[in-house]
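Here are a few notes to go with your first look at this one. Have the viewer open while you read.

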Amino acid sequence: MSMPGDRRSRKRLETRRIISTVATRLFLARGFEQVTVDEIAAAAGVGRMTVFNHFPRKEEMFFDRDGEVRETIRQALKQRQTTVSPVETLRLLAHSLVAQNSPFVEFSADSQHFIGAITGSETLKARVRQIRDELTQLVTTSLIDCVNAPAHDPDACLTAHLVLATWSAALAEGHRRWRDDQHRDNARTAFLAIIDKGSRGISAAMCGTPYV
């Protein structure tokens with residue numbers, strides 16, 4: 001039998017999902033800047049403070065999968081096989097996400113609408129830059145932890161920056177390819193080609209470090 005705490009947890013997650021879904025729909029339809037928190041609350045059937053209890057900032061409703069992305073990266077490095085280098089682990093993660101049809105690497109009309117909303121909002125563009133900086137720090141820390149390197153290892157920092165640059169370029173190319181022909185497989189192939197090429201470059205640049 002479910003415990004009361006379990007029910008509360010499920011209810012909280014469901015409320016969060018509803019708020020995020022409603023907010024994203026409104027953002028995509030009207031633009032991020034044009035939608036208010038009060039409108040989101042009304043459409044989701046909750047109070048204004050309930051929205052803020054789940055999402056302290058409006059941007060977090062748009063990037064509601066950010067926490068999942070971070071945990072996916074963290075766990076991939078934490079659970080890597082010792083015979084597989086950290087850089088190779090992240091390369092394989094990209095291939096696994098594509099094979100699993102993960103929304104993190106989606107190339108479709110929906111993803112284009114998502115990108116369009118970002119490009120149309122200075123607030124969202126600023127948040128994207130913040131997220132990239134935060135992910136770079138997360139990857140740096142995770143790299144250090146997974147090889148027991150000294151804290152503040154500059155090689156880990158450089159590796160993380162190169163990894164994030166590779167993934168950013170790969171995602172941009174995947175989306176560009178989808179815009180060209182609306183063919184998902186071509187977009188995925190383009191994405192993974194950049195991931196593989198970038199990973200080879202990182203391995204060459206970081207040769208002699210514990211990250212490759």
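1. A word on the record first: UniProt positions are given in the numbering used here, feature names are shortened, and annotations may be inferred rather than shown by experiment. With that in mind, the unreviewed UniProt entry puts a "DNA-binding region" at residues 36-55. In the model, that span is 75% helix and 0% strand, and its end C-alpha atoms lie 13 Å apart.

2. Some housekeeping: this is a predicted model, where local features need pLDDT of at least 70, side-chain atom pairs count only at pLDDT 80 or more, and totals for chains, interfaces and linings use all residues. Residues are numbered from 1 along each chain as its sequence is written, and side-chain values use heavy atoms, with hydrogens and water left out.

3. Now look at helix α7 (residues 109-119) and helix α8 (residues 122-147), which pack at about 105 degrees with axes 6 Å apart. That angle makes α7 roughly perpendicular to α8 (65 to 115 degrees counts as such). A117, I118 and T119 of α7 meet L124, K125 and V128 of α8, contact meaning heavy atoms within 4.5 Å.

4. H152, in the loop between α8 and α9 (154-181), has a positive phi of about 65 degrees without being a glycine. H152 is exposed, at 75% relative accessible area (exposed is over 50%, buried under 20%, partly exposed in between, with a 1.4 Å probe and protein chains only).

5. Q182 sits in the loop between α9 and α10 (184-205). Q182 is not a glycine either, yet has a positive phi of about 50 degrees. How exposed is Q182? Partly, with a relative accessible area of 47%.

Key:
Axes are lines fitted to C-alpha atoms, for helices over the stretch in contact, and angles run from 0 to 180 degrees between N-to-C directions. Helices (H or I, at least four residues) and strands (E, at least two) are DSSP runs, numbered from the N terminus. Angles under 35 degrees count as roughly parallel, over 145 as roughly antiparallel, 65 to 115 as roughly perpendicular and the rest as oblique.
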